[in-house]
Amino acid sequence: MRSYAVDRYRGVDLGWDGIFKKLIRELKKDNPSVLLLDAQQKAGALYVYVARSGPRSEELIARATRESRTVCQLCGKDGVLRQNHFGVYQVRCAAHGRGWREPPELPMFPAEKIRCCCDAPDCIVRPAQHEGAPNMRQK
């Protein structure tokens, strides 16, 4: 898997830029050699995956993910989870949410439901990278 230096990776929506930059600063304080593997929007939340995590990395990433669920991805204002007619979920403010509806039910957030199979204390790699692993389990 290709890794990116944290300072150069920019795969985050503009509205979440502040959340992302704050997270990166905190992750670097926790462990200066942290590597960003991926950052993406899934089901209306920001998910960040790192290697060489520090002792607080998982907690810091979870906090950023929770915060992203209340911030418009496009402008950074207060937002709510919305869904378009194709079934795509995004967090949008009132201005950017025109044509989007509040979903009838919230999507499942996989990172909160599944724990990595390897049980290593510093492993916060997404479970999909461990597909087929015999010890995959629900929290």
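Predicted model: local features only at pLDDT ≥ 70, side-chain atom pairs only at ≥ 80, totals over all residues.
Figure 1. K21 forms a salt bridge with D17, and the closest N and O atoms of the pair are 3.2 Å apart. The two residues are 4 residues apart in helix 1, which means that about one helical turn separates D17 and K21. D17 has a relative accessibility of 14% and counts as buried, because it falls under the 20% cut-off. The search of the whole structure that found this type of pair gives 3 salt bridges.

Figure 2. The side chains of R63 and E26 meet in a salt bridge, with 2.7 Å from N to O. R63 belongs to helix 2 and E26 to helix 1, so the pair ties together parts that are 37 residues apart in sequence. R63 counts as partly exposed, at 32% relative accessibility. E26 is listed with the buried residues of helix 1. Apart from neighbours within four places in sequence, E26 is in contact with L60 and R63. L60 is one of the buried residues of helix 2. E26 and R56 lie 30 residues apart in sequence, and their C-alpha atoms are 9.1 Å apart.

**Figure 3. The salt bridge between E59 and R56.** E59 forms a salt bridge with R56, and their closest N and O atoms are 3.7 Å apart. E59 is partly exposed, with a relative accessible area of 46%. R56 also counts as partly exposed, at 38% relative accessibility.

**Figure 4. Helix 2 and its buried side.** Helix 2 runs over residues 57-68 and has 12 residues. From first C-alpha to last, helix 2 reaches 17 Å, close to the 16 Å expected at 1.5 Å a residue. The buried residues of helix 2 are S57, L60, I61, A64, T65 and S68. These residues cover an arc of only 135 degrees around the axis, so they lie on the same side of helix 2. They pack against helix 1 (17-30), strand 2 (45-51) and strand 4 (89-92).

**Figure 5. Helix 1 and what covers it.** Buried in helix 1 are D17, I19, F20, L23, I24, E26, L27 and D30. The elements that cover the buried residues of helix 1 include strand 1 (35-42), strand 2 and helix 2.

Figure 6. L46 is found in strand 2 and is buried, with a relative accessible area of 1%. Leaving out residues up to four places away in sequence, L46 touches V12, W16, I19, Q40, T65 and S68. The C-alpha atoms of L46 and T65 are 5.1 Å apart, although the two residues are 19 residues apart in sequence.

**Figure 7. A lysine over a tyrosine ring.** K42 lies over the face of Y47, at 5.9 Å from the ring centre. The count of aromatic pairs comes to 0.

**Figure 8. Two loop residues with positive phi.** Most residues other than glycine have a negative phi. A43 has a positive phi, near 50 degrees. A43 lies in the loop between strand 1 and strand 2 and is partly exposed, with a relative accessible area of 24%. R52 has a positive phi as well, near 55 degrees. The loop that holds R52 lies between strand 2 and helix 2.

**Figure 9. The protein chain as a whole, for orientation.** The protein chain has 3 helices and 6 strands, in the order α-β-β-α-β-β-α-β-β along the sequence. Of its 139 residues, 43% are buried. Among contacts between residues at least 6 apart in sequence, 45% join residues at least 24 apart.

Methods:
Residues numbered from 1 in each chain as written. Heavy atoms only, no water. Expected span 1.5 Å × (residues − 1). Buried < 20%, exposed > 50% of the residue type's maximum accessible area, 1.4 Å probe, protein only. Arc of directions from axis to C-beta. Contact = heavy atoms within 4.5 Å. Salt bridge = Lys/Arg side-chain N within 4 Å of Asp/Glu carboxyl O. Phe/Tyr/Trp six-rings, centres within 6.5 Å; stacked < 30°, edge-to-face > 60°. Lys NZ or Arg CZ within 6 Å of the ring centre and 35° of its normal.
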